[in-house]
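Hi,

Here is the structure I promised to pass on to you. Have a look at it first, and then read my notes below.

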Amino acid sequence: MDTIDAIKQRRSIKSFDKNHKMTEDEIKQLLELAILSPTSYNIQNWRFVIITEQTIKDKLSELSYGQLQVSEASLIIILCADLNSWNKNPERYWANIPEESRNSLVASLKNSYKDKTELQRDEAMRSCGMAAQTIMLAAKSMGYDSCPMKGFDYDAVGKMINLPSDHLISMMVVVGKKAKDPSQRGGQVPLSELVFKNKF
Ligand SMILES: Cc1cc2nc3c(=O)[nH]c(=O)nc-3n(C[C@H](O)[C@H](O)[C@H](O)COP(=O)(O)O)c2cc1C
């Protein structure tokens, strides 16, 4: 499937075939594609908690106010971010480039994020949003469907997954074999209301 078709055909699916299991290879492929998404300074601040076990999916569905797609999907990905990834051995984000350039990038990265808690959080949301869209489009290309989600109890889910104190949860994406088509699109706001040439 080409990218434009994947974009056009991706929809938020609310009903999945509960019996379908994704293979380990498929899950790995999806995650390997996810980490090709861009991040500022190549910081790769996302962390992915993946869940395939039915009992845990059922518990998560409860914590998602009973949303059924959570217990029916084959795979749940909780997209988290490490707010301190800027300071955790950042040299590895440019392992492949010459040392001089690497040192200069590390200095610039640390200078950008140190003590900037709002920026660290913004970056977490930006990175996870990018990864979530990659996951959903890749899933579509692989013959799967998905639903992005923020409708869950963040504190309770954080406890359930032992979220470290310097991490946050951005959102969740569930992936599986569609059991029911979505209703028609809600309707897109026209470009004329959304796009501004050069300035507002
Ligand atoms: C950040 C985010 C959170 C969302 N949370 C939920 C959710 O908790 N439950 C749900 O059924 N859909 C959720 N959605 C799906 C939206 O309702 C859906 O994307 C929107 O209605 C447009 O429909 P489409 O994705 O099929 O184009 C979420 C979407 C986004 C981007």
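Is strand S4 (residues 167–176) largely enclosed by the rest of the structure or open, and why? Ten of its ten residues are buried, so S4 is largely enclosed. Buried means under 20% relative accessible area, exposed means over 50%, and partly exposed lies in between (1.4 Å probe, protein chains only). Strands (E, at least two residues) and helices (H or I, at least four) are DSSP runs, numbered from the N terminus.

Before going further, some ground rules: this is a predicted model, where local features need pLDDT of at least 70 and side-chain atom pairs count only at pLDDT 80 or more, while totals for chains, interfaces and linings use all residues. Residues are numbered from 1 along each chain as its sequence is written, and side-chain values use heavy atoms, with hydrogens and water left out.

**The strands**

S4 pairs with strand S2 (residues 75–82) in the antiparallel sense over eight bridges; two strands pair if DSSP finds at least two bridges between them. Opposite Leu79 you will find Met171 of S4. S4 also runs antiparallel to S3, with five bridges joining them, and there Met149 has Met172 as its bridge partner.

**The ligand**

- A polar side-chain atom of Ser12 lies 2.6 Å from a ligand oxygen.
- An N or O atom in the side chain of Gln67 is 2.8 Å from a ligand nitrogen.
- A polar backbone atom of Pro148 is 3.1 Å from a ligand nitrogen.

The ligand taken alone exposes 620 Å², and the protein buries 60% of that (areas by the Shrake-Rupley method, 1.4 Å probe).

**Helix H6**

H6 (residues 117–141) has 25 residues and reaches 36 Å from its first C-alpha to its last, close to the expected 36 Å. That expected span is 1.5 Å times one less than the number of residues. Glu118 is found in H6 and is exposed, with a relative accessible area of 62%. Glu118 and Leu83 are 35 residues apart in sequence but 9.9 Å apart in space, C-alpha to C-alpha. Just after H6, Gly143 takes a positive phi of about 90°.

Enjoy exploring!

Terms used
Polar contact = N/O pair within 3.5 Å; in protein donor to acceptor, adjacent residues only side chain to side chain.
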